[in-house]
Amino acid sequence: MTQYEYQVIASPRRTKRIKGVKTGAGRFAHALTDAINDMAAEGWEYLRAETLPADEKKGMLSSASETYHSVLVFRRAKPAAQVQPALRAAPVKPEPVLSEQAPAAPGLGPADRDL
């Protein structure tokens, strides 16, 4: 079974001017393409984009308010040396039987000792 490690980065918020790209959507798509290609060059596979809520304070005296952040999620297979084998239950060893027996009371048979 393949095990993965994950990396989450902030989605680009600002775009650069690119020759031939005239719309904001086109510039944003180009910025996303650059971010995904940069991570792919390091061996990361693009998995998905998420928008998640977070409670943040804007200043020292303000109360927390909910904001949303867009992030890009990447994954890559862990190298074989880092993969830990699945935890398996150790075989149970039987308890050793003690040869010591309680001394027999006079007049009691072996079956009556534990009464």
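The largest nonpolar core here is made up of five residues: Ala35, Met39, Trp44, Leu72 and Phe74. Helix H1 and strand E3 (65-77) are the elements that give two or more residues to this core. A nonpolar core is a set of buried Ala, Val, Leu, Ile, Met, Phe, Trp, Tyr and Cys residues joined through side-chain atoms within 4.5 Å. Buried means under 20% relative accessible area, exposed means over 50%, and partly exposed lies in between (1.4 Å probe, protein chains only).

This is a predicted model, in which local features need pLDDT of at least 70 and side-chain atom pairs count only at pLDDT 80 or more, while totals for chains, interfaces and linings use all residues. Residues are numbered from 1 along each chain as its sequence is written, and side-chain values use heavy atoms, leaving out hydrogens and water.

**The whole protein**
- Along the sequence the pattern reads β-α-β-β, with one helix and three strands in the protein. Helices (H or I, at least four residues) and strands (E, at least two) are DSSP runs, numbered from the N terminus.
- Of the 115 residues in the protein, 10% are buried.

**Helix H1**
- H1 has 18 residues and spans 26 Å from its first C-alpha to its last, close to the 26 Å expected at 1.5 Å a residue. The expected span is 1.5 Å times one less than the number of residues.
- Which residues of H1 are buried? They are Ala31, Ala35 and Met39.
- Seen down the axis of H1, these buried residues fall within an arc of 70°, so they line one face of the helix. The arc is that of the directions from the helix axis to the C-beta atoms.
- An α-helix has 3.6 residues a turn, so residues three or four places apart point the same way.
- On the other side of H1, you will find Ala25 and Ala41 exposed.
- E1 and E3 are among what covers the buried residues of H1.

**Residues to look up**
- Ala31 has a relative accessible area of 16%. Leaving aside neighbours within four places in sequence, Ala31 is in contact (heavy atoms within 4.5 Å) with Pro12 and Thr15.
- Ser11 sits in the loop between strand E1 (4-10) and H1, and is buried at 11% relative accessibility. Beyond neighbours within four places in sequence, the contacts of Ser11 include Phe28, Leu32 and Leu72.
- Trp44, one of the core residues, has contacts that include Tyr6, Met39 and Phe74, again leaving aside neighbours within four places in sequence.
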